[in-house]
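Hello,

Here is the structure I said I would pass on.

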Amino acid sequence: QVQLAESGGGLVQAGGSLRLSCAASGRTFSSLAMGWFRQAPGKEREFVAAIRRTGISTYYADSVKGRFTISRDNAKNTAYLQMNSLKPEDTAIYYCAAEEDGSAGYILQRSYAYDYWGQGTQVTVSP
């Protein structure tokens, strides 16, 4: 079993920045691919970003490309999502997720690829 705990959410004005963290425990972190998803009120959960085990390969939704950066520190068992130039439409609950099967990059953009999920952290961007 893997436990995931997100932190770093909050309220920020449009144009501002936040960094989300996802601390993992219960499994060798370097054996897991990590992803970030988000869900806005009344909408389905959507892919935001993913990073492979070594951190060399990353993937982003078009809506966040150039503004968000996913990274990981395998020594700290933590994944990060740096969010810059935030927009009101980025308002959502952000979830981190862990995948243990070594799936290909295009599969990591699908929520069904992930085996473990955190509880989520709220990000609110005011106009």
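Leu 81 has a relative accessibility of 0% and therefore counts as buried (buried is under 20% relative accessible area, exposed over 50%, partly exposed in between, with a 1.4 Å probe and protein chains only). This is a predicted model, in which local features need pLDDT of at least 70 and side-chain atom pairs count only at pLDDT 80 or more, while totals for chains, interfaces and linings use all residues. Residues are numbered from 1 along each chain as its sequence is written, and side-chain values use heavy atoms, with hydrogens and water left out.

Leu 81 sits in strand 8, residues 78-83 (helices, H or I of at least four residues, and strands, E of at least two, are DSSP runs numbered from the N terminus). Setting aside neighbours within four places in sequence, the residues in contact with Leu 81 are Leu 18, Arg 19, Leu 20, Trp 36, Val 48, Ala 49, Phe 68, Thr 69, Ile 70 and Tyr 94 (contact means heavy atoms within 4.5 Å).

Now the charged pairs. Side chains of opposite charge can pair when their charged atoms come close. Searching the whole structure gives five salt bridges (a side-chain nitrogen of Lys or Arg within 4 Å of a carboxyl oxygen of Asp or Glu).

Which residues are linked in a network of salt bridges? They are Arg 38, Glu 46, Arg 67 and Asp 90. The pairs are as follows:

- Arg 38 and Glu 46 form a salt bridge through their side chains at 2.6 Å, N to O. Arg 38 counts as buried at 5% relative accessibility, whereas Glu 46 is partly exposed at 35% relative accessible area.
- Arg 38 and Asp 90 form a salt bridge at 2.9 Å, N to O. Arg 38 lies in strand 4 (residues 33-39) and Asp 90 in the loop between strand 8 and strand 9 (92-99), so this pair ties together parts that are 52 residues apart in sequence.
- Asp 90 and Arg 67 form a salt bridge whose closest N and O atoms are 2.8 Å apart. This pair also links distant parts of the chain, as Arg 67 is in the loop between strand 6 (58-60) and strand 7 (68-73), 23 residues from Asp 90.

Asp 90 is buried, with a relative accessible area of 1%, and Arg 67 is buried at 11%.

Regards
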